[in-house]
Amino acid sequence: MLVLDDQTDVRQTLCEQLHQLGYLTLEAETGEQALEMLNASADIQMFISDLMLPGNLSGAEVIQHVRQHFPHLPVLLMSGQDLRPAHNPQLPEVELLRKPFTRGQLAQALEKVVNI
């Protein structure tokens, strides 16, 4: 599983929660780094991304790229922002998880993503 979040503490906490749920993780700090890792490894089986990222690529743009180039890869988008489509028309059609979330909410969102 590849986790993309620019905030180191948030990314590490999320990876710890994922490890407790039985997942192995890779970490990326930027959209560009995440795309490089996805292109380099066929072993990544899920992608989790924050919406707000620094640099040239937003989380929505990274996910749109992932949807085009890795259409079978399950994707989860997380954000502290209002994630309703009416407020964010540029959001791709993916499962959304609002920060802050509990490990239980994370597990439920992952289950939905895997079963889509």
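Buried means under 20% relative accessible area, exposed means over 50%, and partly exposed lies in between (1.4 Å probe, protein chains only). By this scale Arg11 is buried, at 7% relative accessibility.

The structure is a predicted model, in which local features need pLDDT of at least 70, side-chain atom pairs count only at pLDDT 80 or more, and totals for chains, interfaces and linings use all residues. Residues are numbered from 1 along each chain as its sequence is written, and side-chain values use heavy atoms, with hydrogens and water left out.

Helices (H or I, at least four residues) and strands (E, at least two) are DSSP runs, numbered from the N terminus. Strands count as paired if DSSP finds at least two bridges between them. Strand 1 and strand 2 run parallel and are joined by three bridges. Val3 has Glu27, in strand 2, as its bridge partner.

Glu27 also takes part in a salt bridge, with the side chain of Arg11 (3.0 Å, N to O). A salt bridge is a side-chain nitrogen of Lys or Arg within 4 Å of a carboxyl oxygen of Asp or Glu. Glu27 lies in strand 2 (residues 26-28) and Arg11 in helix 1, so the pair ties together parts that are 16 residues apart in sequence. Glu27 is partly exposed, with a relative accessible area of 34%.

The whole structure holds four salt bridges. In one of them, Lys99 pairs with Asp5, and the closest N and O atoms are 2.9 Å apart. This pair links distant parts of the chain, 94 residues apart. Lys99 sits in the loop between strand 5 (95-98) and helix 4. Asp5 sits in the loop between strand 1 (2-4) and helix 1. Both residues are buried: Lys99 has 17% relative accessibility, and Asp5 has a relative accessible area of 0%. A network of salt bridges links Asp5, Asp50 and Lys99.

A further salt bridge joins the side chains of Glu95 and Lys112 (3.8 Å, N to O). Glu95 is in strand 5 and Lys112 in helix 4, 17 residues apart. Glu95 is buried, with a relative accessible area of 17%. Lys112 is partly exposed, at 48%.

Axes are lines fitted to C-alpha atoms, for helices over the stretch in contact, and angles run from 0 to 180 degrees between N-to-C directions.

Helix 4 (residues 103-114) also packs with helix 1 (residues 8-20): their axes come within 10 Å and cross at roughly 70°. Helix 1 is therefore roughly perpendicular to helix 4. Angles of 65 to 115 degrees count as roughly perpendicular, under 35 as roughly parallel, over 145 as roughly antiparallel, and the rest as oblique. Leu14, Gln17, Leu18 and Gln20 of helix 1 meet Arg103, Leu106 and Leu110 of helix 4. Contact means heavy atoms within 4.5 Å. Four of these contact residues are nonpolar, two are polar and one is charged. Ala, Val, Leu, Ile, Met, Phe, Trp, Tyr, Cys and Pro count as nonpolar, Asp, Glu, Lys and Arg as charged, and the others, Gly among them, as polar.
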